[in-house]
Amino acid sequence: MAGSLDGKVVLVAGVGKGLGTATVALLASEGARVIAVARHGTALSPLEAHARHRNWNVEIRTANLFDATEVDRLVHDAVEEFGGLDAASVNVGHWVPGETALHRMSADEWSSGLRDNLDAIYLVGRAAIPHFLQRGRGSLVVVSAALAVRWAGSAAYCAAKGGIVDLVPKLARDYRATGIRVNAVLPGSMSGSLEQLDPPPRDPSVVLTDQTRTSPWEVARAIRYFVSDESRWVTGAVLTVDGGASTFGSEPGASP
């Protein structure tokens, strides 16, 4: 849907080789002005070059998304430079390696699991929401994890990602009367780096199976929906994008 996001200014916080890059590319290819944020510029260089080649409107920024001062400055500068902010997508977080059982986890493993998957949501939300309030509208999209992924992780990972699932309807209720929408996307176990930086064509014949990892492009499409005006009557939603893996059902056999 080229051009469907024309005029939207969107901050994508947490751009790496997979979901963040897919989200930036998809939004920019549909006309959004996207501010792509990563901690290190090396993660952004290929995307920056491709955006320039495609004439996408992508602005590259580096920031430590766990530092309140840097996040506040990032959002403030974006608003000043682009005249406002329509949406923010927070893709920060990672699988927590190491011990999975609670009684064997160290205090550091527990604390880092919560911090690394929650703090950026707080900091970006805290910085962006006042600007949304001034405009009387805005969309905050956060990324958790599908149930099957949460249960497969450590206790700290599960607590953090599950906490996001409860946080979203709470924030949606708190800000509903102000025109601010808050929604979450819950990806399945995702594939790693993208094979290409152009959004692939949508294939209506794709087979739903838990034998295939979730494509970052499928998750990016869900984020795009929550950023766009197509979801203007949607807030407090948590959308699982895992091909049904979290239903824990047996896979259907081939049709005769």
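Me: Are helix 4 and helix 6 roughly parallel or roughly perpendicular to each other?
Reply: Roughly parallel. This is a predicted model, and in it helix 4 (residues 107-135) and helix 6 (residues 155-175) pack at an angle of about 20°. Angles under 35 degrees count as roughly parallel, so the pair falls in that class.

Me: How far apart are the axes of helix 4 and helix 6?
Reply: The two axes are 8 Å apart. The crossing of helix 4 and helix 6 is right-handed.

Me: Which residues meet there, in helix 4 and in helix 6?
Reply: From helix 4, the residues are Glu-109, Trp-110, Gly-113, Leu-114, Asn-117, Leu-118, Ile-121, Ile-129 and Leu-133. They meet Ala-155, Ala-156, Tyr-157, Ala-159, Ala-160, Lys-161, Ile-164, Leu-167 and Tyr-175 of helix 6.

Me: How many of the residues in that contact are nonpolar, polar or charged?
Reply: The contact of helix 4 with helix 6 has 14 nonpolar residues, 2 polar ones and 2 charged ones.

Me: OK, salt bridges. How many in the whole structure?
Reply: A search of the whole structure finds 13. One of them joins Arg-224 to Glu-30, with 2.5 Å between the closest N and O atoms.

Me: Where do Arg-224 and Glu-30 lie?
Reply: Arg-224 lies in helix 7 (residues 216-227), while Glu-30 is in the loop between helix 1 (19-29) and strand 2 (33-38). The pair therefore ties together parts that are 194 residues apart in sequence.

Me: Buried or exposed, Arg-224 and Glu-30?
Reply: Both Arg-224 and Glu-30 are buried.

Me: What about Glu-81, which residue does it form a salt bridge with?
Reply: Arg-61, and the closest N and O atoms are 2.7 Å apart. Glu-81 sits in helix 3 (residues 68-82) and Arg-61 in strand 3 (residues 58-62), so to speak distant parts of the chain, 20 residues apart. Glu-81 is partly exposed, at a relative accessible area of 45%, and Arg-61 is also partly exposed, at 23%.

Me: Which residues are linked in a network of salt bridges?
Reply: Arg-33, Glu-59, Arg-61 and Glu-81.

Me: And Asp-174 with Lys-170, how many residues apart are they in helix 6?
Reply: They are 4 residues apart, which means a separation of about one helical turn. An α-helix has 3.6 residues a turn, so residues three or four places apart point the same way. The side chains of Asp-174 and Lys-170 meet in a salt bridge, at 3.2 Å from N to O. Asp-174 counts as partly exposed at 39% relative accessibility, and Lys-170 counts as partly exposed at 40%.

Me: Switching to helix 1. How many of its residues are buried?
Reply: 10 of its 11 residues are buried, and helix 1 is mostly covered. Among the buried ones are Leu-19, Val-24, Leu-26 and Leu-27.

Me: What do the buried residues of helix 1 pack against?
Reply: Strand 1 (9-13), strand 2, helix 2, strand 3, strand 5 (138-143) and helix 7.

Me: Which residue with a positive phi follows helix 1?
Reply: Gly-31, with phi near 100°.

Me: Last one: where does Thr-42 lie?
Reply: Thr-42 is in the loop between strand 2 and helix 2 (45-54). Thr-42 is exposed, with a relative accessible area of 68%. The C-alpha atoms of Thr-42 and Thr-62 are 9.8 Å apart, and the two residues are separated by 20 residues along the chain.

Definitions and conventions
Residues numbered from 1 in each chain as written. Predicted model: local features only at pLDDT ≥ 70, side-chain atom pairs only at ≥ 80, totals over all residues. Heavy atoms only, no water. Axes fitted to C-alpha atoms, helices over the stretch in contact; angles between N-to-C directions. Helix = DSSP H or I, 4+ residues; strand = E, 2+ residues; numbered from the N terminus. Parallel < 35°, antiparallel > 145°, perpendicular 65-115°, else oblique. Left-handed = near helix turned anticlockwise from the far one by under 90°. Contact = heavy atoms within 4.5 Å. Nonpolar A, V, L, I, M, F, W, Y, C, P; charged D, E, K, R; others polar. Salt bridge = Lys/Arg side-chain N within 4 Å of Asp/Glu carboxyl O. Buried < 20%, exposed > 50% of the residue type's maximum accessible area, 1.4 Å probe, protein only.
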